[in-house]
Amino acid sequence: MNPLEVYKKLPGKNCGRCPAKTCMSFAVQFSGKMVPASDCPELDSQARSEIGAMLFAPGDWKERRLQELFDEISGLNFALIAEGIGATIKDDGLKIHYMGKDIAVTRSGFSADLNIWDKLLVLMYVKTAGSKPLTGKWVAFRELKDGFIRSESFHEACELSLARMFEENPAGFIQRLSGLGAKESPGFSAKYSHVVCPLPKIPFLVLLWPGDEEFGPDCKVLFDSTVTEYIDVEALLYLGIAFVRAL
Ligand code: SF4
């Protein structure tokens, strides 16, 4: 089930009443079977039954893509690519720090019980086998190669969701961010600025501004200018959504 197909059936209100907080994030979580259709109180009965039927459509593209990715990484020399992607060799696989935890990846499986989106993201990162040194230059999603077309989706699914979660419980949010390994990074105009690495060579700079009487809270997520050497923008959008979910 493609999340964009689910998204087209949603009300598109971004009302924040579901646990996913935005429609795009809900679409991804629903298609990964992480939330039921009933979590969106804005869905009418017809749309609910239509997206419910998608769950039982034959041939899940994610399972097929997962198998393709395992086939694609089977030819890689892990010893040669490990340092470039910030991993280490463990037995005949790779140990990678993902969303605050160490996981092991072999040519046929994972050590940890990850959901399918997490598996796809980690395998895409391994397959890309980036090695470019980070520049320390922060850029927005829309500035990335091919980023403009997906920047609004990234804003809705990631930045807007993070701003809402921050608004609900600022102290708890910062604590959960630290739990994923985030470190304060002063020198930015935001009230809170933290750097966190969902994957070793993909740092996120998370900037947060609390709301006031005039404006609501805001969040911006920036990336090292090398990020597309490690993952494409489509996968980066899903990495942002996985990051929201992990928080
Ligand atoms: S999916 Fe979530 S954000 Fe979108 S309309 Fe439904 S409850 Fe609101």
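The model is predicted: local features require pLDDT of at least 70, side-chain atom pairs count only at pLDDT 80 or more, and totals for chains, interfaces and linings use all residues. Residues are numbered from 1 along each chain as its sequence is written. The protein has nine helices and eight strands, where helices (H or I, at least four residues) and strands (E, at least two) are DSSP runs numbered from the N terminus.

**Overall form**
- The radius of gyration is 18 Å, which agrees with the value near 18 Å for a compact globule of 247 residues; the radius is taken over C-alpha atoms, and the globule rule is 2.2 Å times the number of residues to the power 0.38.
- Along the principal axes, the C-alpha atoms fill a box of roughly 50 × 50 × 30 Å.
- Of the 247 residues, 38% count as buried (20 or more other C-beta atoms within 10 Å of the residue's own; exposed means 12 or fewer, partly exposed in between, with C-beta atoms placed from the backbone).
- Among contacts between residues at least 6 apart in sequence, 61% join residues at least 24 apart; a contact requires C-beta atoms, placed from the backbone, within 7 Å.

- An open sheet of three strands has the order 1-2-3 with antiparallel pairing, where pairing requires at least two bridges found by DSSP.
- Strand 1 (88-90) and strand 3 (101-105) are the edge strands, each pairing on one side only.
- Strand 1 pairs with strand 2 (residues 93-98) over three bridges, and threonine 88 stands opposite lysine 95.

**Strands 5 to 7**
- Strand 5 (residues 183-184) is joined to strand 6 (residues 192-199) by two bridges in the antiparallel sense.
- Strand 6 is also antiparallel to strand 7 (residues 202-209), with six bridges; the two form a hairpin with two residues between them.
- Valine 195 of strand 6 stands opposite lysine 183 and has leucine 205 as its bridge partner in strand 7.

**Ligand surroundings**
- The ligand is surrounded by 15 residues, the closest being Cys15, Cys18, Cys23, Phe26 and Cys40; a residue is included if its C-beta atom, placed from the backbone, lies within 6 Å.
- This shell has nine nonpolar, three polar and three charged residues, with Ala, Val, Leu, Ile, Met, Phe, Trp, Tyr, Cys and Pro counted as nonpolar, Asp, Glu, Lys and Arg as charged, and the others, Gly among them, as polar.

**Glycine 109**
- Glycine 109 lies in the loop between strand 3 and helix 6 (116-128), and counts as exposed because it has 10 C-beta neighbours inside 10 Å.

Technical notes
Contact = placed C-beta atoms within 7 Å.
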